[in-house]
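Student: I would like to go through this model step by step. Please show it first, and then I shall begin with my questions.

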Amino acid sequence: MRLAWTLKAGTQSISSISFLQPERFPFRLYSTEASQAGPTEPVDFDRKLRFKEKPWEYLESEEYIERYGNKPIWFGYRRNHKGQIPPQKTRRTCIRGSKVCGNPCPICRDPNLFVDYRNVKLLEQFICPHMGITYHPTHTGVCMRKYKHLTEAIEKARNSGLLSSYIPFTTFHEDFSNQHPAVTKTAPSPALQNKAAWYEWYEWQQPPEKEIQRIRRIYKDYLKEESGPP
């Protein structure tokens, strides 16, 4: 099939342009209507913004489940290092300005993860379920900067009542009860057994006769003679 177009510009006519059969030129023209809606933002931008405002929604998304499953985000992480002996401590930070290191930590490598005190499911992955303590960075592989953010978020979540506080159980081996066979009543002191005073000056001491006469002269107007047996 041959198609001829005739274009006219003013008084001049352009000769017809003929196209060959479409089998030799497999080009197709598509015409779509322009969307009347305004410019839409990228989907990736909306997703990151939504996860930043509500970071716990990412842990329930299909993308997270497909990537991590039911295991914590630090499971199977191994930091690249020289030699056979791993470093004794993690790096200070994985992101310096706009530069990202070659092997970032489990939190820095995923841009959809945000450390927030409301993101309880993420914080629970870094807390020991038996002791209630925060895992050391060498155990999870997170950098020191993210570890500091984790400790602050965990403390704030516990103060807000979102995380339970663990109180260590302490066993007392000493028996403080008074029902023990070795515990008896305290024996009285030897002085009390003899019905004597604890100290010498507690006993009755007869004042000298001159002192008695002096007191009698001072208070002779107020003293009354005793009546009765001596």
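Student: Which residues does Asn119 touch, not counting residues up to four places away in sequence?
Tutor: Asn119 touches Pro55, Trp56, Leu59 and Phe114; a contact means heavy atoms within 4.5 Å. Please note that this is a predicted model, in which local features need pLDDT of at least 70, side-chain atom pairs count only at pLDDT 80 or more, and totals for chains, interfaces and linings use all residues. Residues are numbered from 1 along each chain as its sequence is written, and side-chain values use heavy atoms, with hydrogens and water left out.

Student: Is Asn119 buried or exposed?
Tutor: Asn119 counts as buried, because its relative accessibility is 1%. Buried means under 20% relative accessible area, exposed means over 50%, and partly exposed lies in between (1.4 Å probe, protein chains only).

Student: What share of the residues in the protein chain is buried?
Tutor: Buried residues make up 19% of the 230 residues. Several of them belong to a nonpolar core, which is a set of buried Ala, Val, Leu, Ile, Met, Phe, Trp, Tyr and Cys residues joined through side-chain atoms within 4.5 Å. The largest nonpolar core has 24 residues, and Tyr58, Ile73, Ile107, Leu113, Leu123, Phe126 and Leu163 touch the most other members. Helix 2, helix 3 and helix 5 (144-160) each supply at least two residues of this core. The largest share, four residues, comes from helix 5.

Student: And Tyr58, what does it touch, not counting residues up to four places away in sequence?
Tutor: The contacts of Tyr58 are Phe51, Glu63, Tyr64, Arg67, Tyr68, Asp110, Asn112 and Leu113. Tyr58 also forms one aromatic cluster with Phe51, Tyr64 and Tyr68.

Student: How many aromatic pairs does a search of the whole structure find?
Tutor: The search finds four aromatic pairs. Rings of Phe, Tyr and Trp (its six-membered ring) pair if their centres lie within 6.5 Å; planes under 30 degrees apart count as stacked, over 60 as edge-to-face and the rest as tilted. One of the pairs is Trp74 and Tyr135, which is edge-to-face, with 5.8 Å centre to centre and 70° between the planes. Trp74 lies in the loop between helix 2 (62-68) and strand 3 (95-96), and Tyr135 in the loop between helix 3 (120-124) and helix 4 (137-140), so the pair ties together parts that are 61 residues apart in sequence. Trp74 itself is buried, at 16% relative accessible area.

Student: New topic: how many salt bridges does a search of the whole structure find?
Tutor: There are four salt bridges in the whole structure. A salt bridge is a side-chain nitrogen of Lys or Arg within 4 Å of a carboxyl oxygen of Asp or Glu. Among them is Lys121 with Glu60, whose closest N and O atoms are 3.4 Å apart. Lys121 lies in helix 3 and Glu60 in the loop between helix 1 (43-53) and helix 2, so this pair ties together parts that are 61 residues apart in sequence.

Student: Which residue meets Arg67 in a salt bridge?
Tutor: Arg67 meets Asp110, at 3.4 Å from N to O. This pair links distant parts of the chain, with Arg67 in helix 2 and Asp110 in the loop between strand 4 (99-100) and helix 3, 43 residues apart. Arg67 is partly exposed at 45% relative accessibility, whereas Asp110 is buried at 2%.

Student: What about Arg214, which residue is its salt-bridge partner?
Tutor: The partner of Arg214 is Glu211, at 2.4 Å from N to O. Both residues lie in helix 7, three residues apart, about one turn of the helix. Arg214 is partly exposed at 35% relative accessibility, and Glu211 is partly exposed at 33%.
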